[in-house]
Amino acid sequence: MFRFFSACRKETLILVRDLAGLIILFIMPMIMVVILALVQEQGWNSITKDPSIPVLLVDEDQDTLGAKIEDGLRNSNIFRICKTLDGKKLTREITKEKVGKGDYNIGVIIPKGSTTIIRHKVQVMVTQIVSGIMMPVDNPFLDIQSNDSINILIYFDPGIKGTFKYAFMATMKEYSMFIESSMIFSSLNTELKRMFPQYKPPKMNYKETVYFSEIFPAGKDELAIPSTTQHNVPAWALFAMFFIVIPMSSSMIKEREEGSMIRMFTLPVSYLTIFMAKVSVYAVVCVIQFILMMLAGRYLLPLARIAPLTIGSNYLGIFIMMVISSMAALGFAIAVGTIARTHQQAAAFGSVSVVVLTALGGLWVPVYLMPQVMRNIATWSPLNWAHVGFIDLFLRQATIIDIFPQLAKLLIFFAVTISVALFYRRVNSPLNN
Amino acid sequence: MTGKVIIEITDLFKIYKGSDEPAIKGISLDIFQGEIFGLLGPNGAGKTTTISILCGLFHPSRGNARIDGMDIRSNRDDIKKIIGVVPQDVALYPTLTAWENLTFFGNMYGLRGNRLRKKIAEGFAVFGLEKHADKKIINCSGGIKRRINLIAGLLHDPKVIFLDEPTVGIDVQSRVVILEYLKELNRKGTTVIYTSHYMEEAEKLCTRVAIIDRGTVISIGNPRELLAEHPEFKDLENIFLHLTGKDLRD
């Protein structure tokens with residue numbers, strides 16, 4: 001056993017001596033998680049405190065509808081309204097041209113007379129309601145038709161994401177519905193006042209009565225509001241963890257090139273002992289790296305006004321998940337390090353394969369947003385298993401039994417990759433040269 | 001030379017995967033306990049292949065060998081305990097210090113504690129390396145690396161030592177120290193098997209030499225006996241050139 005500990009000590013010393021490499025291993029992933037969380041916060045969640053997406057607005061209406069839509073967009077804290085460009089008032093043509101060229105993502109044209117049309121429709125509707133009360137039989141007002149409609153033009157940059165387009169359309173529809181409801185309410189009051197002079201309309205604005213709260217029970221004492229942080233931090237932490245393939249395989253190839261591996265084969269010690277010592281030391285590196293990234297998610301992201309990471313309360317489960325995920329990452333790294341003959345092969349194959357497994361695993365784009373075929377493929381990525389495990393632990397109060405399927409799959413992946421490495425080494429051993 | 005045969009090589013044959021030409025073709029020889037045995041030959045003659053097979057790095061394609069009565073095919077792990085290997089290339093961890101490297105390799109041989117510390121200190125004292133103990137290998141000169149490389153293979157007092165060109169690329173002083181130490185070890189009963197291109201060195205050091213060329217042993221014996229067999233040549237180098245020819249090798 002002391003041979004194993006001695007090999008662990010040797011691996012640790014080699015790692016610690018490469019201070020720059022160690023800093024890269026620990027600090028770079030933290031920087032990555034913060035930067036990617038910042039970048040993706042707006043793109044995915046569209047919840048931001050700073051109005052940043054410019055919208056070209058041409059308000060030909062110059063009445064209530066135009067004013068309300070402008071207020072709504074402005075108050076959403078997502079959009080920045082532009083009504084002039086270079087000191088010139090925007091027109092339909094300029095807006096179409098600018099969005100068409102991709103200079104701006106969205107342009108909104110509110111046609112002239114929009115509010116008048118709404119008013120007219122509301123007026124007809126209210127009249128029909130009120131007259132229905134006064135003249136329940138032979139009511140001539142019921143035959144009045146108002147078929148006018150308003151067509152608000154919205155120009156979208158063809159490069160804009162589909163999900164974002166739908167979100168914007170939904171927001172616009174919400175505003176117009178709200179405006180129409182307010183007008184009906186106001187018009188009804190006016191009509192009632194006209195009919196019943198003693199009627200006093202309430203001095204209040206129409207307000208929504210149905211609200212939606214997004215609440216997700218995570219731990220006993222805390223409530224987690226689902227955010228991009230909850231997806232991104234474990235996702236990027238796992239991405240970084242699997243990138244251990246580069247230093248690990250590089251270390252293995254270096255040992256072969258430096259000749260120290262040849263000496264190892266002449267020593268009375270099993271290759272498995274040396275192998276497991278390497279795995280153990282790098283597993284500790286992976287776990288520390290993951291913890292640092294969790295801490296970044298918890299304490300650094302809020303400094304950038306991004307929701308902090310919530311990790312639930314199953315700390316033992318999280319620790320086990322971290323260790324098993326690390327083993328899966330290291331198994332993959334050992335397989336690559338064993339099979340690759342040069343640093344270039346290991347670096348190119350290792351990095352590209354991790355990126356592919358990350359993308360397939362739904363770490364960049366959540367699996368539920370993928371087409372069905374990709375969703376099926378995602379279930380074969382070890383990064384997906386690990387990510388699902390962490391999300392279950394962080395957000396769904398999962399127990400160790402709940403995450404057992406993920407743990408089992410990751411362990412099988414570790415066993416398979418290690419077996420591949422050992423088999424390859426046996427077949428290609430210098431002994432059989 | 002008579003005595004106990006410690007290494008018995010029988011019809012050893014090796015052809016590497018993908019190669020048309022065998023690296024060694026049926027080498028047979030006995031090495032006796034307490035010998036300093038030199039394997040001499042031009043580049044590509046088969047010296048390193050022979051040593052590598054004996055150390056357990058390669059399986060022979062045909063034939064067999066026994067070390068201290070143990071079969072190299074079936075007793076590889078036991079053989080590793082009684083042999084010391086000093087590879088041709090410096091096989092040390094560059095970012096570890098000399099002391100750390102030797103502690104690690106000593107541990108792998110099963111040594112630890114005071115015994116190991118004493119062995120390392122002895123090695124440093126013999127080779128004048130005390131002040132380099134805490135120096136990283138990457139910062140050491142070629143001669144120092146060679147000496148540490150040598151100590152790493154000797155820490156466990158092996159019965160048999162294999163040295164593959166241990167004096168290549170080092171200064172005269174380092175070479176003298178290494179050769180003196182090998183003689184000292186041999187006086188204590190250690191069998192030394194050594195490959196070299198330096199004929200003069202082999203002539204002075206070895207009790208017997210085998211000249212290998214193109215995978216076969218073309219001459220074997222005590223350097224003095226070889227000189228007696230070829231009175232027309234005044235030294236081993238000329239006998240070597242006579243036997244192996246002057247053609248350049250790959």
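Colleague: Start with B:Thr10. Which residue is its bridge partner in strand 4 of chain B?
Modeller: The partner of B:Thr10 there is B:Asn64. Keep in mind that this is a predicted model.

Colleague: And how do strand 1 and strand 4 of chain B run, parallel or antiparallel?
Modeller: Antiparallel. Strand 1 covers residues 5–14 and strand 4 covers residues 62–67, and five bridges join them.

Colleague: What about strand 4 and strand 5 of chain B, how many bridges there?
Modeller: Two bridges. Those strands also run antiparallel, and strand 5 is residues 70–71. In that pair, B:Arg66 stands opposite B:Asp71.

Colleague: Which residue takes a positive phi in that hairpin?
Modeller: B:Asp68, with phi near 50 degrees. The hairpin has two residues between its strands.

Colleague: Switch to the six-stranded sheet in chain B. What's the strand order?
Modeller: The order is 6-7-8-3-9-10. The sheet is open, and its pairing is mixed.

Colleague: Which strands sit at the edges?
Modeller: Strand 6 (83–86) and strand 10 (216–221) of chain B. Each pairs on one side only. From one strand to the next, the twist averages 15 degrees.

Colleague: Take the strand 6 end. In what sense do strand 6 and strand 7 of chain B pair?
Modeller: Parallel, over four bridges. Strand 7 is residues 160–164. Within it, B:Leu163 stands opposite B:Val86.

Colleague: Which helix packs on the sheet there?
Modeller: Helix 5 of chain B, residues 142–154. It touches strand 6 and strand 7 of chain B. The direction of helix 5 makes about 165 degrees with that of strand 6 of chain B.

Colleague: Now the other end. How do strand 9 and strand 10 of chain B pair?
Modeller: In the antiparallel sense, over five bridges. One pair there is B:Asp213 with its bridge partner B:Thr216 in strand 10 of chain B. The hairpin has two residues between the strands, and B:Arg214 takes a positive phi near 50 degrees.

Colleague: Which strands does helix 9 of chain B lie across?
Modeller: Strand 3 (36–40), strand 9 (208–213) and strand 10 of chain B. Helix 9 is residues 236–244 and runs at about 30 degrees to strand 9 of chain B.

Colleague: Back to helix 5 of chain B. It holds B:Ala152. Is that residue buried or exposed?
Modeller: Buried. B:Ala152 has 28 other C-beta atoms within 10 Å, and 20 or more is the cut-off, so it counts as buried.

Colleague: What does B:Ala152 touch?
Modeller: Leaving out residues up to four places away in sequence, B:Ala152 touches B:Leu92, B:Asn101, B:Leu102 and B:Phe105. Look at B:Gly106 too: it is 46 residues from B:Ala152 along the chain, but their C-alpha atoms are separated by 7.3 Å.

Colleague: On to chain A. How many helices and strands?
Modeller: 15 helices and eight strands. Chain A has 433 residues, of which 36% count as buried.

Colleague: Which domains does it get?
Modeller: The domain assignment gives domain 1 (2–45 + 227–432) and domain 2 (53–216) of chain A. Their C-alpha centres lie 52 Å apart.

Colleague: How many residues of helix 7 of chain A are buried?
Modeller: 15 of its 15.

Colleague: And why does its length agree with what a helix should span?
Modeller: At 1.5 Å a residue, the 15 residues of helix 7 of chain A (228–242) should span 21 Å. The end C-alpha atoms are 21 Å apart, so the two agree.

Colleague: How does helix 7 of chain A sit against helix 11 of chain A?
Modeller: Their axes come within 9 Å and cross at roughly 40 degrees. Helix 11 is residues 315–339. From helix 7 of chain A come A:Leu238, A:Met241 and A:Phe242. They meet A:Ser325, A:Ser326, A:Ala329 and A:Phe332 in helix 11 of chain A. That contact divides into five nonpolar, two polar and no charged residues.

Colleague: Last topic. How many residues does each chain put into the contact between chain A and chain B?
Modeller: Chain A gives 22 and chain B gives 27. On the side of chain A, helix 1 gives the most, with seven residues. The residues on that side divide into 10 nonpolar, six polar and six charged.

Technical notes. Residues numbered from 1 in each chain as written. Chains lettered and ligands numbered in written order. Predicted model: local features only at pLDDT ≥ 70, side-chain atom pairs only at ≥ 80, totals over all residues. Expected span 1.5 Å × (residues − 1). Buried ≥ 20, exposed ≤ 12 C-beta atoms within 10 Å, placed from the backbone. Domains from an automatic or database assignment. Contact = placed C-beta atoms within 7 Å. Nonpolar A, V, L, I, M, F, W, Y, C, P; charged D, E, K, R; others polar. Pairing = 2+ DSSP bridges. Axes fitted to C-alpha atoms, helices over the stretch in contact; angles between N-to-C directions.
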